[in-house]
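Dear colleague,

I am passing on the structure we spoke about, and my notes on it follow below. Please read them with the model open beside you.

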Amino acid sequence: MRIAFWGAAAVIAYTYFGYAAWLWLRGRWFPRPVKTAPCTPLVSIVVVVRNEAQVLDAKLRNLMELDYPGDRMEIVVASDGSTDATGEILSGYSGMKRLHVILNRESRGKAAGINDAIAAARGEIIVFNDARQKMEPQAVRRLVENFSDPAVGCASGELMLGDPGSGEAAKGMGLYWRIEKKIREWEAASGSVVGATGALYAVRRNLLVPVPPETILDDVYIPMQVARQKMRVVFDPRARAWDLPNLGAGHEFARKVRTLSGNYQLLQLLPWLLRKENPLRFRFVSHKLLRLLVPLALATALLTSCFLAEPVYRVALVLQLAFYALGLLAMTQLVRGPLARLADPAFTFVVLNGAAVVAFANFVTRRRAVWIR
């Protein structure tokens, strides 16, 4: 039981602290800065939508207002079987020369829409963007500057959770996302990022491969295919898109379940991820796969500490129970003051690992993920 306890503790500690520390040290000992420079290649901005009538008009206006030469940019919007007014809104923009619209009557999934959009795009750089998030005016210009470096094949922007006026959210999923972005920043500083920000990333067109229609995480599938071709996947925090910090606990939980389910699916779609031909194998395991094992490690640490009598295990048990109690207390939304600052990250931690458990159940039962905005 002692071995099980300390083994579980080691998995948890490495996943959340050890890997980040290794990245931080590697970035300082063996830095690999990106050689950015101003450039204006022909860019195709791809947006795949499904039932986005509420935000689509604002999205198109946002794209039209980007600070990028109009004759060097096109917009490709693919509607995946939308049943609301999405098609009518897109038809209203049909006279725009820079806009190419693809209307699919049947829903075949986001990945199929991505393939359709890439086939219709003319740009040498394909920028992937989601409908809900608003890009800053300089986002595309800054993102494509990374492709002045011939070693860069994919560049990810930064998703900000909050309001451009008041800044990014500092608690809940906002806190989690800030930590996640820091890890991506350190990954890029020493080589390549494992995946990209789905709301804003760009890829050299000649490196793109068809995405299997059932793919959940295109923003990991595509970058990993780029890395397989010995090209770097980098992260540029200067290129930013903004999103709401809190879309509701149920929505955030479902979105996280979908993301973690996608990590399991990647092992089926890309079995080479665990072989030597994956240049990012160590990072993929450390960043993506170990997080799937953390719930098992947490359960192991809790159960073993219940049966070990030494004081150190008694203290560990009390700390674990107190931590989980704080998380449950945060659900009541009645916690205030300093205690709230501890309860909020505890709740987020519990939610994320609960999502990992559901994702594993989905994987075992072969439950298919659906569109989640």
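Is Cys 154 buried or exposed? Cys 154 is buried, with a relative accessible area of 0%, where buried means under 20% relative accessible area, exposed over 50% and partly exposed in between, with a 1.4 Å probe and protein chains only. Cys 306, by contrast, is partly exposed, at a relative accessible area of 38%.

Please keep in mind that this is a predicted model, in which local features need pLDDT of at least 70 and side-chain atom pairs count only at pLDDT 80 or more, while totals for chains, interfaces and linings use all residues. Residues are numbered from 1 along each chain as its sequence is written, and side-chain values use heavy atoms, with hydrogens and water left out.

Taking a disulfide as a pair of cysteine sulfur atoms within 2.5 Å, the count is 0 disulfides. For Cys 154, the closest cysteine sulfur is that of Cys 39, which at 15 Å is too far for a bond.

As for the overall fold, the protein has 11 helices and 9 strands, these being DSSP runs numbered from the N terminus (H or I, at least four residues, for helices; E, at least two, for strands). Its radius of gyration, 22 Å, is close to the 21 Å that the globule rule gives for 373 residues, so the protein is as compact as a globular protein of that length; the radius is taken over C-alpha atoms, and the rule is 2.2 Å times the number of residues to the power 0.38. Buried residues make up 51% of the 373 residues.
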